[in-house]
Amino acid sequence: MSVAERLAAVRERVAAACARAGRPVESVTLVAVSKLKPAALIREAYAAGQRDFGENYAQELRDKAAELADLEGLRWHAIGALQTNKVKYVARVAGAFHALDRLEVARELSKRREGAAPLPCYVEVNVGGEATKSGLEPSALGAFLEAARALPNLQLVGLMSLPPPTEDEARARGDFQTLRELARAHGLPALSMGTTHDFELAIQEGATVIRVGTAIFGERT
């Protein structure tokens with residue numbers, strides 16, 4: 001299948017999931033995760049109407065943003081963990097950052113974003129309690145939000161999570177519900193959750209942004 005065909009199939013699944021949840025399809029933003037994929041495939045997706053793209057690595061984001069600068073209306077989402085020495089790349093070109101979980105990164109983003117529109121940020125929460133995953137513990141979220149909200153040039157719009165993959169639908173739903181309730185408790189309207197293997201469940205549990213790579217671009221090598 002071509003990228004355009006895969007993208008159309010994903011859009012159909014998104015629409016069906018929204019219908020089951022009683023939500024308008026416009027309430028969900030599809031981010032096509034293009035990490036480690038060539039710029040040519042991003043151009044194919046763009047030609048098929050896709051505008052939001054996600055990159056995990058800051059330098060890859062920098063390079064692709066330069067190579068694809070001619071594509072009007074393309075929006076870059078930085079979705080991977082970020083080191084402070086790579087913040088400058090994200091601050092310059094990203095339309096949103098989905099993995100904020102350290103104050104030193106927040107401070108550097110705030111500084112580097114000066115003079116531009118505030119950067120929408122999703123705070124990453126480790127809802128699965130995995131020792132190997134980044135993200136804040138739920139108990140640390142309140143204090144982090146208080147400190148980060150005081151910084152200029154950032155706009156905290158929601159929460160993000162990457163729960164452990166599971167075939168247990170009840171477990172997956174539980175992780176998404178946990179993130180949804182945390183966002184509600186802290187007055188955050190947006191939820192970045194759901195990937196290729198579980199985005200339909202995420203939509204049913206309130207996702208406003210889903211991050212889909214493999215189902216659009218194929219397996220990564």
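How do the residues of the lining of the largest cavity divide into nonpolar, polar and charged? They divide into eight nonpolar, two polar and one charged. Here Ala, Val, Leu, Ile, Met, Phe, Trp, Tyr, Cys and Pro count as nonpolar, Asp, Glu, Lys and Arg as charged, and the others, Gly among them, as polar.

## Basis

This is a predicted model, in which local features need pLDDT of at least 70 and side-chain atom pairs count only at pLDDT 80 or more, while totals for chains, interfaces and linings use all residues. Residues are numbered from 1 along each chain as its sequence is written, and side-chain values use heavy atoms, with hydrogens and water left out.

## Cavity and pocket

Rolling a probe the size of a water molecule over the atoms shows where empty space is left. The search uses a 1 Å grid over the protein atoms alone. A cavity is a set of points where a 1.4 Å probe fits but cannot get out. A pocket is an open set with protein on both sides within 12 Å along at least five of seven lines. Lining residues have an atom within 4 Å of a point. Grid points are joined across faces, edges and corners, and a volume is the space filled by probe spheres set on the points.

Across the whole structure, one cavity of 30 Å³ or more is found. The largest cavity holds about 40 Å³ of space. Its lining is made of Glu-55, Asn-56, Tyr-57, Ala-58, Leu-61, Ala-78, Gly-80, Ala-81, Leu-82, Val-90 and Phe-97. The largest pocket has a volume of about 410 Å³. It is lined by 20 residues, and Lys-35, Asn-56, Ile-79, Leu-162 and Thr-195 are the closest to its centre. The pocket lining divides into six nonpolar, eight polar and six charged residues. Asn-56 lines the largest cavity and is also among the residues closest to the centre of the largest pocket.

Helices (H or I, at least four residues) and strands (E, at least two) are DSSP runs, numbered from the N terminus. A pair of aromatic rings is described by the distance of the centres and the angle of the planes. Rings of Phe, Tyr and Trp (its six-membered ring) pair if their centres lie within 6.5 Å; planes under 30 degrees apart count as stacked, over 60 as edge-to-face and the rest as tilted. The structure holds one aromatic pair. Phe-53 and Trp-76 form it, tilted, at 6.2 Å centre to centre with 50° between the planes. Phe-53 lies in strand S2 (residues 52–55) and Trp-76 in strand S3 (residues 75–78), so the pair ties together parts 23 residues apart in sequence.

Burial follows relative accessible area: buried is under 20%, exposed over 50%, partly exposed in between (1.4 Å probe, protein chains only). Phe-53 is buried at 0%, and Trp-76 is buried at 7%. Arg-75 is in strand S3 and Asp-52 in strand S2, 23 residues apart. Asp-52 is buried at 9%, whereas Arg-75 is partly exposed at 42%.

## Other salt bridges

A salt bridge needs a side-chain nitrogen of Lys or Arg within 4 Å of a carboxyl oxygen of Asp or Glu. The count comes to 15 salt bridges. One of them joins Arg-13 to Glu-200, with the closest N and O atoms 3.0 Å apart. Arg-13 lies in helix H1 (residues 3–21) and Glu-200 in helix H8 (residues 199–204), so this pair ties together parts 187 residues apart in sequence. Both ends are partly exposed: Arg-13 at 32% and Glu-200 at 23%.

Asp-175 and Arg-171 form a salt bridge at 3.3 Å between the closest N and O atoms. Both lie in helix H7 (residues 169–185), four residues apart, about one turn of the helix. Asp-175 is buried at 7%, while Arg-171 is partly exposed at 37%. A network of salt bridges links Glu-169, Arg-173, Arg-180, Glu-181, Arg-184 and Glu-205.

## Charges over rings

A charge sits over a ring if NZ of Lys or CZ of Arg is within 6 Å of the ring centre and within 35 degrees of the ring normal. The charged end of Arg-51 sits over the ring of Tyr-46, 3.7 Å from its centre. Arg-62 places its charged end over the ring of Tyr-89, 4.6 Å from the centre.
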